[in-house]
Amino acid sequence: MRPFRTPPPLFPIRGKVRGPLDLIPVVPDPTGRGARAWSILSRLPITEGEHAGRLIGENCPPWQERLTRLIFGHVDAEGLRLIREVFACIGKKNGKTSYAAALALTKLLLNEDRREQVVCLAATRLQARIAFDSMAAMIRADDGLGERFEIVEHRHVIKYAATNSVATAVSAELASMTGFNPSLALVDELHLLGATPKGAKLVNQARTGNVGRREPLIISISTAPLERSEGIFQATKAKAQRVIAGKETDPSFFAWLCEMPPGLDPEDPANWHWSNPSVGYTLSLERLKASFASAQSDPSAIRDFRSQNLNISPEESSGEEKWLSLAEWDAAGDTTITLEALIAEAMFIWVGCDAGGLDDLSAICALGKTADGRFLAWSHQWIARRGYEKRRATVPYDEFIVAGELTIFDGGAGDVAGFVEVVDLVAASGKLPLIGIDAYGATELGEAFSNCGAEVQAVPQGWRLTPAISWVERRLADGNFKHNGAAVMRWNVGNATVTRQGNAISISKATAVGAGKIDGVASLLNAVAASLSQAGRDGGTIYAHGHGLLVLS
């Protein structure tokens with residue numbers, strides 16, 4: 001007979017959620033490990049700020065006790081700790097790094113394993129040293145801890161003789177954790193570390209290199225990024241959202257996302273506690289209000305306040321450079337829109353294509369108009385194996401592939417063959433009047449589509465896409481545009497930035513090179529432009545009800 005009952009799943013959260021504390025479940029703690037861990041952590045010293053010299057338990061936000069008890073007290077039927085990975089995303093100045101340092105010391109002081117390795121991971125040496133230095137400061141501030149631990153400053157190592165264990169700081173510059181067998185890996189600011197191939201490699205090594213441990217633990221703590229979410233941060237956050245919503249079951253993974261619920265005004269200070277669970281302890285509401293007030297005259301400062309203090313990723317709201325907010329895009333998602341469903345329901349269908357190089361994505365989008373004036377969009381993308389291998393560490397390509405939204409191809413023409421397959425299927429319905437393609441690769445695509453029976457037209461890019469861009473914005477606003485909810489297209493939309501000159505608009509990615517791609521957006525705009533160019537012809541143009549005329553030239 002097993003000594004303990006199997007616990008119920010942590011997600012979805014049961015009961016009323018009134019704030020971020022309610023997102024951390026209270027667990028029974030049948031072994032008492034959670035209580036013991038909190039007993040240790042609460043007696044560690046605070047070493048900075050106005051409360052320096054006091055103990056953590058004397059002045060800490062309630063979430064620290066509840067999270068500690070959850071991590072160590074949530075056990076399976078055998079009494080083994082269930083949670084093996086924690087992802088916490090909260091606003092800055094909420095004491096997350098000092099808490100992580102205290103958690104690391106607690107892990108060692110529990111004396112649960114021999115020859116433990118605690119690793120503090122970060123993007124840079126300076127960042128990696130923050131948690132390490134916080135651990136060292138606690139040791140120096142307490143004579144009892146000073147007798148138990150040895151700080152080897154020049155090697156960035158803390159030794160714990162009782163169990164022959166060590167803690168060390170590791171940055172992405174090291175680029176490898178070969179030989180490490182961490183019992184606890186602390187990832188500070190995952191959005192910075194995971195945005196680079198070396199950093200993503202370190203995190204993945206931390207996740208897979210601890211198989212020799214009976215109860216390994218990796219804790220990633222981060223704020224929202226200043227720029228768009230990408231790489232392993234975005235993949236981890238996406239998993240966190242699925243787990244919290246109950247769409248994915250993983251008892252070993254716990255996520256705590258301190259974000260405002262939909263519908264709340266992010267500029268109302270009454271809502272800021274959702275992103276700042278330590279208000280009244282490590283930071284004050286008055287300080288947040290002052291920071292917000294000082295940022296009002298600078299759009300970039302507003303963006304930084306929203307991401308760093310309110311934990312709102314830049315792509316979650318359209319700002320100074322972003323094209324669309326992801327919330328707006330998500331609201332138009334409809335996963336029932338398959339290509340077959342679109343063909344069956346639409347009266348007319350236009351196809352847009354964007355063929356990239358072998359390092360880039362290639363995308364196709366079918367845009368259909370229904371009899372009642374609604375517009376439906378379906379998209380798919382391809383990537384050459386070379387491009388996949390080059391950026392798979394920083395872009396969640398595998399997630400897109402599993403979802404059936406992205407196809408890997410070998411050789412040099414797998415994407416074009418995929419385009420032709422889609423176009424032939426649409427053309428067979430007799431509903432395809434025009435295909436819009438980027439001028440890049442127009443000759444090759446024109447030849448590939450020569451037997452489909454539809455006209456092919458190169459779509460001018462840059463500011464000439466202004467009508468198509470505006471059309472998408474307006475159809476999203478009036479609710480007459482739905483898309484198939486592809487995660488890869490959502491990622492493209494989050495990467496898209498706008499440049500405005502007078503009434504002209506152009507869309508591009510944030511940097512000319514790099515992992516952030518917008519090929520799906522380009523294929524959508526090409527499809528829209530193809531329909532706009534059909535004004536005055538038979539075949540159901542988007543402008544059939546007096547919206548005007550766009551001539552491609």
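**Exercise 1. Which strands does helix H8 lie across, and at about what angle does helix H8 run to S8?**

Solution. Keep in mind that you're working with a predicted model.
- Step 1: find helix H8, which covers residues 231–245.
- Step 2: look at what helix H8 lies across, and you'll get strand S1 (85–89), S7 and S8.
- Step 3: compare directions, and helix H8 comes out at about 95 degrees to S8.

**Exercise 2. Work out the order of the strands in the open sheet, and find its edges.**

Solution. 
- Step 1: Strands of a sheet pair through backbone hydrogen bonds, and the pairing is either parallel or antiparallel.
- Step 2: walk across the sheet and you'll read S3-S4-S5-S2-S6-S7-S1-S8, which makes 8 strands with mixed pairing.
- Step 3: look for strands that pair on one side only; those are strand S3 (149–152) and strand S8 (253–257), the edge strands.

**Exercise 3. Describe how S5 pairs with S4 and with S2, then follow S2 on to S6.**

Solution. 
- Step 1: start with S4 and S5, which run antiparallel and are joined by 4 bridges. Here Tyr 160 stands opposite Ser 165 in S5.
- Step 2: take the hairpin of S4 and S5, with 4 residues between the strands. Asn 164 in this hairpin has a positive phi near 55 degrees.
- Step 3: now go to S2, which pairs with S5 in the parallel sense over 6 bridges. In this pair, Ala 122 is opposite Ser 171 in S5.
- Step 4: carry on to S6. Strand S2 (residues 117–122) and strand S6 (residues 184–188) are parallel too, over 4 bridges, and Cys 120 has Leu 186 in S6 as its bridge partner.
- Step 5: ask how covered S5 is. Of its 7 residues, 6 are buried, so S5 counts as mostly covered.

**Exercise 4. What does the salt bridge of Glu 259 and Lys 237 tie together?**

Solution. 
- Step 1: check the distance. The closest N and O atoms of Glu 259 and Lys 237 are 2.9 Å apart, and a salt bridge needs them within 4 Å.
- Step 2: locate both ends. Glu 259 sits in the loop between S8 and helix H9 (285–294) and Lys 237 in helix H8, so the pair ties together parts that are 22 residues apart in sequence.
- Step 3: compare with the cut-off for buried, under 20%. Lys 237 has 4% and is buried, while Glu 259 has 24% and is partly exposed.
- Step 4: Asp 359 forms a salt bridge with Lys 390, at 3.3 Å between the closest N and O atoms. Asp 359 is in the loop between strand S9 (348–354) and strand S10 (361–369), Lys 390 is in helix H13 (residues 385–391), and they are 31 residues apart.
- Step 5: zoom out. The whole structure has 27 salt bridges.

**Exercise 5. Is Asn 526 buried or exposed, and which residues is Asn 526 in contact with?**

Solution. 
- Step 1: Asn 526 belongs to helix H19 (residues 519–532).
- Step 2: its relative accessible area is 0%, so Asn 526 is buried.
- Step 3: leave aside neighbours within four places in sequence. Asn 526 is then in contact with Gly 352, Cys 353, Gly 436, Ile 437, Asp 438, Val 459 and Gln 461.

**Exercise 6. Where does pLDDT stay under 50?**

Solution. 
- Step 1: begin with the chain, which averages a pLDDT of 87, with 91% of the residues scoring at least 70.
- Step 2: then find residues 538–553, where pLDDT stays under 50. The model has 41 contacts beyond four places in sequence for this stretch.

Note on methods
Residues numbered from 1 in each chain as written. Predicted model: local features only at pLDDT ≥ 70, side-chain atom pairs only at ≥ 80, totals over all residues. Heavy atoms only, no water. Pairing = 2+ DSSP bridges. Helix = DSSP H or I, 4+ residues; strand = E, 2+ residues; numbered from the N terminus. Contact = heavy atoms within 4.5 Å. Axes fitted to C-alpha atoms, helices over the stretch in contact; angles between N-to-C directions. Salt bridge = Lys/Arg side-chain N within 4 Å of Asp/Glu carboxyl O. Buried < 20%, exposed > 50% of the residue type's maximum accessible area, 1.4 Å probe, protein only. pLDDT = per-residue confidence, 0-100.
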